[in-house]
Structures are given as structure tokens and as C-alpha cells.
Amino acid sequence: MSAFFGPFPALRLLIIVCCGISAGVFSGVSLSFWVTVAAVLVAGLVLLAVFNGVRSPFGGLPSPPELIVYHFLVFCVFAAYSQQSYRYVAPDSVLRYLDKDVLVYGRVMSRPKRSERGYRWILEASRVSADGAEEMVSGRLQVFLRSEEDERAGVEPGDMIWLKGRPGAIQGAQHPGGFDAREYYRLQGVRATVYLHGAWLMENHGPKGRAFFETAVVRPLRQYLDRSIGALVRGEDERRFFSGVLLGERDELDGVIREQFRKTGTAHVLAISGLHVGLLVVLVLVVLQRLRKTSAGRWAVFLVIVSFLAIYCQVTGNAPSVRRASLMTVILLGGTVTGRKVYPLNSLAAADLVILARDPLELWQAGFLMTNAAVMSIILLYPVLMRPAAGWHGLTAPARRFLWGSFSVSLAAMAGVSPLIAHFFGTFSLIGIVANLPVVMLVSLMLYAIVPGLVLGLVSSHVAHFFGESASALASLTLAVTQLFSTVSWGVLDWKPGAGEVVLFYVTLLAGLRLALRRRWRGVVTVLLLSATVVVWAGGVQ
């Protein structure tokens, strides 16, 4: 075990952090307990450091007791942090105004999401006006704006708005096992909702605070990309598809098409994630390849990519999946620039640590879990699946390796994310194992076709339209392929495993993979039989 965790200090720390967050959220221990224990551990760590400094005045590695105390300290700090985030309600919370008609002023924190009846977004409240008096408040509200199908929300992330409404409590699950909206929003720090019957109950004052960056860079770039997609791409469905893939506006996509992607297990291509960020970074690296021959050039390219990803995160609404992918990319490239050996699994864990340090409750977000499951599965399974391809020779070997590599990436990602999809959404896509290969390849080609068109549109619209036509054809083909696979009657199973079954799957996968790498096939069979026994036994008990 020590050999396994040796190159992965961030992964080791991440496991401790996740255990601490779980203890803080689910245990009945009080916040004061975690704070007291953390204070004692800090004092103990200081004493140990002083003692070891006296014994070894020239320094050295931390002693085993220091490491043990440090890890327990991290555990307690994140337990306290997560419990405070999950349970604590500030005295000036906007919850004081539940079921009262008030005016609320605050910042739009998330991109408006379209539903059948209107738009939803998160508002960070800062002021409330009630009964002629205005008070400073804190807390987040879920805002629902009723609107017609062709109406726009009229707000963007960063806007400061006044709205008139009556904050109310968010309803829990309507039936056992159903979607619990109260718990879902509570994990985002949201405890109340406001319903607006129309846009006349809202007044938008535009961005404040970070207004320059928002108004001078983010919004003009987003508007340019939106206009360019509209001008270059043919077909309404194709334009909305590109807006979802590049700008994160997947809610604008037709509901039938979204359902087709869900049935085929390819809905992940609609969410901006590691696939999209990786492809865009590759394009930047190709353009700036010549600069990477010197140390200064490599640092310059690295800073360009960091700036590019920071802007792209804001343009796409700063979605969690984009933040995760961007952080991991920066960590991977940073290790390469400094000349250090990079371990992708450790980089993924480091990115997760940064995200959880910002918001520990993100550990329980479906997107966070599914992104990590998919990436970790690719990191662990892809090299194993590609081993047979190492012995392929002949003229067709490169083509076969490319196709097998694409299939291996899809298979590895599906193996990692399918149990979580089934757990959160109650479906398991059998056809997804096959459908992901052509769909992911076509989406990659789409992005490679449209990005040059978006850049060249600044210089020559005629040349840009050539790339736009190619991108439109690829988008149409992608939608057609997805529709074809969605018609397979046996492609989707209704299955909703419990949390214990999902954990059992991943334990079985990791144990089986480790035994298979050591060619202990009897052990693999034993692990599979034990897992099957647990599933059957649990089903009998229920």
C-alpha cells in the first residue's frame, strides 16, 4: 500500500479530506467538538515540531507522529468546515424573511437554466427591503422566473438585480426515493426559493465589483462566439448543439434531442468538461508549438493557456465541470513546465483538493462524482485495455490502434461513470458502450472544425464559412447517429442502485484490476463471486 501511495501524496490527502467531509455532514458530532479537537492537534503538532527541531537542528523529513497528527488535523478541519457549510445558518440570513413580500438585492451566481415554464438561477442576496426598512443580509436563493418559450432570461452571471417576491422554503421529496430538491439545493448552500411571475418583478443593474473584466472581456467574447455560431452553423438544432458544446447552453437544446443523448449514454458530450477543455488546449499547443523549445517559451505558453482557461471558465458560466478540467490541465502542464514527473492520478486529486477547499459540499454533487469517476477510470483502465495494441504491426496497425484507443477511452469512461448515472438518474445505457465511440469522435471533429472558423471570422468571413460548413455537416451527422442509436429497444435499462451497491462496484473494480495486473486470476474470480454474493444477500434482506 505504501508503494501505491508513494507517488500520490495528493490522493492520500484527498482520501482523508473526503472522510473528514463525510464525518462533518453525516455524523451527529457538534461543531465545537471538531474545533476543539483541531485546536488540540495544532498544539500537539507545534510541540512535536519543536521537539524534533531540538533533536535534529539541521531539519529533515517529518517524523511519523507528526504525519499522523497532521492527517488527523486535516480530517478535523474539513469535518468542521463541511459541518459549518451544511448546517450553519447566519444570524443575518435571508431565511428571516420567509413567506414575506420583500425586495431582494443580490448577485446572479449561476447561468439561468431553461425549463418548460421558465428559467432558474442562484442569487447571492446582500440586501432586503421590507416594510420601508432596508437591511443587509446573507444567503443564497433559488430564483424561478416564469417566461414564454421564446423569451430570454434577461440576466447573466455577475449581474446585480433587484427582485420582488416572497421567499419560501424549498420542498423536499414528494415520495420515498424521489428527487429531493431541498437536499439538492442545500448542498449548494441554497435554502429558500423565490417565484417571479414575470420579468416586470425584476430590475437588472448589470455587473458590479468585477465589472471591468466582465464587461470588457467576458461578455464581448461570449457575444462574439454566440453571433459567430449563429452565422457559421446551418440548422437550428445544429446551432443549439454547438452552443451547448462550446458555451454550456445545453438547456436551449430541444428536449427530444437531449433525451436521445441520455438514452445512448452520450449526454456527457453536452456538458463542457475534460473532453472539450482538452481539445481546446491541444489546439492552443499546436499553434504555439514552436515557442515550447526553450524554458522561457514553455513558461510563456503555460501562462497563455492559464489565461485562456480562466477566461473560458467565465465565458461558459464557470461551471464546476469546466473548473475541474481546467484545474487538472493547469496542474498537469505546470508539472511538465517545471520538469517534474507528472502523475495524472495525483493531478486529478490535487485539482479536487483545490475545489473542495473552496466548497467542501461539492463532494456530493453528481457532476463532481461523475467527472472524477470517468477520469479516474480512464487513467486506470485505458493503459490496461491498450496493452494488446502494442503487438500490432503492419500497414493497418496505426488505424487499428487509433480505433481501439478511441473505443478503450469510451469503454473506460463508461465503466467508471455508468453506476453513478444509474444511481442519480435511474437508467443504465447498454448501447452507450458502442454509441460513445462514433459520437465522441464526431464531437471532437466538430470542435476542431468550428474553432478555426471562430478565429478566422475576425479576419475573413468567407474562409470562416468553409469551416462552418464542415462543422455543420459533422453536427448533423452527430445528431443523426445519436438518433439512430436511441431507437434501439434494448439500449436502456431502468436500474437505480443504492449508494452501497455503487461503492461495492468500485471496490470490486479496483480490487479486480489490481489482481489482474498481477495475473492473479483466481483472486479476480474470488472478488467477483464475493461481490455477487453480497448483492444477492442484500437483495434477499430487502
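**Close-up views of a predicted model**

**View 1. Lining of the largest cavity.** Helices α6 (211-232) and α10 (295-315) each supply at least two residues of this lining; helices are DSSP runs of H or I of at least four residues, numbered from the N terminus. The model is predicted: local features need pLDDT of at least 70 and side-chain atom pairs pLDDT 80 or more, while totals for chains, interfaces and linings use all residues. Residues are numbered from 1 along each chain as its sequence is written, and side-chain values use heavy atoms, without hydrogens and water. The lining consists of R111, E156, P157, E214, V218, R219, R222, Q314, V315 and G317, and α6 gives the most, with 4 residues. By class there are 3 nonpolar, 2 polar and 5 charged residues (Ala, Val, Leu, Ile, Met, Phe, Trp, Tyr, Cys and Pro count as nonpolar, Asp, Glu, Lys and Arg as charged, the others, Gly among them, as polar). The volume is about 70 Å³.

**View 2. The second largest pocket.** This pocket has a volume of about 640 Å³. Of its 21 lining residues, L280, V284, F308, V451 and V455 are the closest to the centre. Elements giving two or more residues are α6, α7 (236-247), α9 (274-287), α10 and α15. The lining has 21 nonpolar residues, with no polar and no charged ones. On a 1 Å grid over the protein atoms alone, a cavity is a set of points where a 1.4 Å probe fits but cannot get out, and a pocket is an open set with protein on both sides within 12 Å along at least five of seven lines; lining residues have an atom within 4 Å of a point. Points are joined across faces, edges and corners, and a volume is the space filled by probe spheres set on them.

**View 3. N436 in helix α15 (residues 432-456)****.** N436 counts as buried because its relative accessibility is 2% (buried means under 20% relative accessible area, with a 1.4 Å probe and protein chains only). Leaving out residues up to four places away in sequence, N436 touches T264, G265, T266, H268, S410, M414 and M441 (heavy atoms within 4.5 Å).

Conventions:
Buried means under 20% relative accessible area, exposed over 50%, partly exposed in between (1.4 Å probe, protein chains only).
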